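Please have the model open as you read.

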Amino acid sequence: MYTLTLVPGRLTLADLRATLAGPVHLMVDDATLANAEKSAATVDAVMAAGRTAYGINTGFGLLAKTRIGNDQLSQLQRNLVLSHAVGTGPLLDDAIVRLILVLKISSLARGYSGVRGSVIRALVALANHGVYPCIPSKGSVGASGDLAPLAHLVAPLLGVGEVRVDGQILPAAEGIRKAGLEPMDLGPKEGLALLNGTQVSTALALNGLFAAERVFQAALTAGALSVDAARGSDTPFDARIHELRGQKGQIDTAAAYRRLLDGSAVRASHLDCERVQDPYCLRCQPQVMGACLDQLRMAAGTLLIEANAVTDNPLVFPDTGDILSGGNFHAEPVAFAADQIALALAEIGNLSERRIAMLVDPHHNGGLPAFLVKDGGINSGFMIAHVTAAALASENKGLAHPASVDSIPTSANQEDHVSMATWAARRLIDMADNAAGIVGIEVLAAIQGLEFHLPLRTSEALEAARAKLRAVVPAYDQDRYFAPDIAAAKALVMNGDLGAGLEF
């Protein structure tokens, strides 16, 4: 179990990866929660002074001009949560819910949301006891926060809805007792603070980012394997070429290819061959994959900022007593970051599919047999495995359409421009799964091709990758039931077992 001592605003990508990877034990000290108590006291002071403040003693959205009496403020917050719990679709995975909890706790604990420390401690208890609210995955447009999914996150604190504990779905009132909690009443502003925010879209985008990083690393390894399998040249990876262009991602990926191919006897065997240039899918890997790396790095920077941000509304400033209404809940930065990740995933898969097509084609694969199998005709080899890769690549092209360019007005046109960040982020795991399938097929094909060159061996790094694959997939000498081979190779990609060791 990962122990995370929460310092609000200081979450790292390592913390976020660990939160997704498995259970966490959150530690939040009293000094941290003191800031939250100050902001809650500021809300109380506004109430005592009879001031009007949005979402504290008013309605919401178009109903913001409706003043609510002090005797109805707790009911106002409860009604807000219940009316916004309108999600639909499959439930989010426990790992995603765990990350949402951590992000929400971190945001509230910064002390600008008007939420009491006791509410934050209740969320900590859910995370630490593995009591995960059941959150339907669909229903947010990524503006005014991820309202519907966050309402489902919060409803169990009121004893409403359902939670999942050790994979079992329980009524909320029963489930929260396992975390030592009883249903609570929310104070002024607390329901709104809990529902406003970009934590769901950010958690989904981070999940997609980390999956994309693993696919990217494996695709570097797969691409290097394909270079050697097709008797390609390593000249296009020469550092001097890439220094002249100056693109950071391109420089770094070219270095990764040089490292992966260093010491290959296959490469040494054809240094003086007649081939002048390789096809783009081999030769332009640093340019394409480097651009993908730049996109992933940029998205990571944006999402790390967002993971540490305060994104509810209005914001409470205890030092001055001001309560300011703004729009930090608008998830446009997350939508853009998710679109960047989607573009990178689509291109990683596109380039990998082109290398598979090259490997199965005897006109371009450096003398390998058609479809990478002996006795072609009686054996089809990798013919239809390539078709699967093509299908996955095509699907990702459609999914890569930028979600951030869409908007649909809501709340009687009060909320008239939205980010669609939650959908932008939610599709990423499907895209990563598709890209991992393509790269897994390429690994199978490239290693199949390499083994036609035996007893010549490739580099030490690529031989290690071959050993990992052959530990779970035997050599392909004649047609057999192919789907399990693809599943095993894809699992190596998704688990990070074929990483190229490039730093993000």
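## Two domains

Domain bounds here come from an automatic or database domain assignment. For the protein chain, that assignment gives domain 1 (2-196) and domain 2 (205-313 + 324-495). The C-alpha centres of domain 1 and domain 2 lie 37 Å apart. Their contact (heavy atoms within 4.5 Å) takes 32 residues from domain 1 and 29 residues from domain 2.

Domain 1 and domain 2 bury about 2,500 Å² between them, 59% of it on carbon and sulfur atoms. Buried area is the accessible area, taken with a 1.4 Å probe, that two parts lose on being put together, summed over both.

## About the model

This is a predicted model, in which local features need pLDDT of at least 70 and side-chain atom pairs count only at pLDDT 80 or more, while totals for chains, interfaces and linings use all residues. Residues are numbered from 1 along each chain as its sequence is written, and side-chain values use heavy atoms, with hydrogens and water left out.

## Helix α5

Helices are DSSP runs (H or I, at least four residues) and strands are E runs of at least two, numbered from the N terminus. Helix α5 (residues 117-128) has 12 residues and reaches 16 Å from its first C-alpha to its last, close to the 16 Å expected at 1.5 Å a residue. That expected span is 1.5 Å times one less than the number of residues.

How many of the 12 residues of α5 are buried? The count is 10, so α5 is mostly covered, where buried means under 20% relative accessible area, exposed over 50% and partly exposed in between (1.4 Å probe, protein chains only). Among the buried residues are G117, V119 and I120. The buried residues of α5 pack against several elements, including β2 (24-27), α2 (30-48) and α4 (94-109). After α5 comes G130, with a positive phi near 65°.

## N379 in its loop

N379 lies in the loop between α15 (332-360) and α16 (383-399). At a relative accessible area of 11%, N379 is buried. Leaving out residues up to four places away in sequence, N379 touches V373, K374, D477, Q478 and D479.

The side chain of N379 reaches the backbone nitrogen of D479 at 3.0 Å. A polar atom of the N379 side chain also lies 3.3 Å from the backbone oxygen of K374.

## Cysteines

The structure holds zero disulfides (pairs of cysteine sulfur atoms within 2.5 Å). C281 is in no disulfide, and the nearest cysteine sulfur, that of C284, is 9.1 Å away. C281 counts as buried at 8% relative accessibility, and C134 is buried with a relative accessible area of 8%.

Methods: A polar contact is a pair of N or O atoms within 3.5 Å; within protein, one must be able to donate a hydrogen and the other to accept it, and residues adjacent in sequence count only if both atoms are side-chain atoms.
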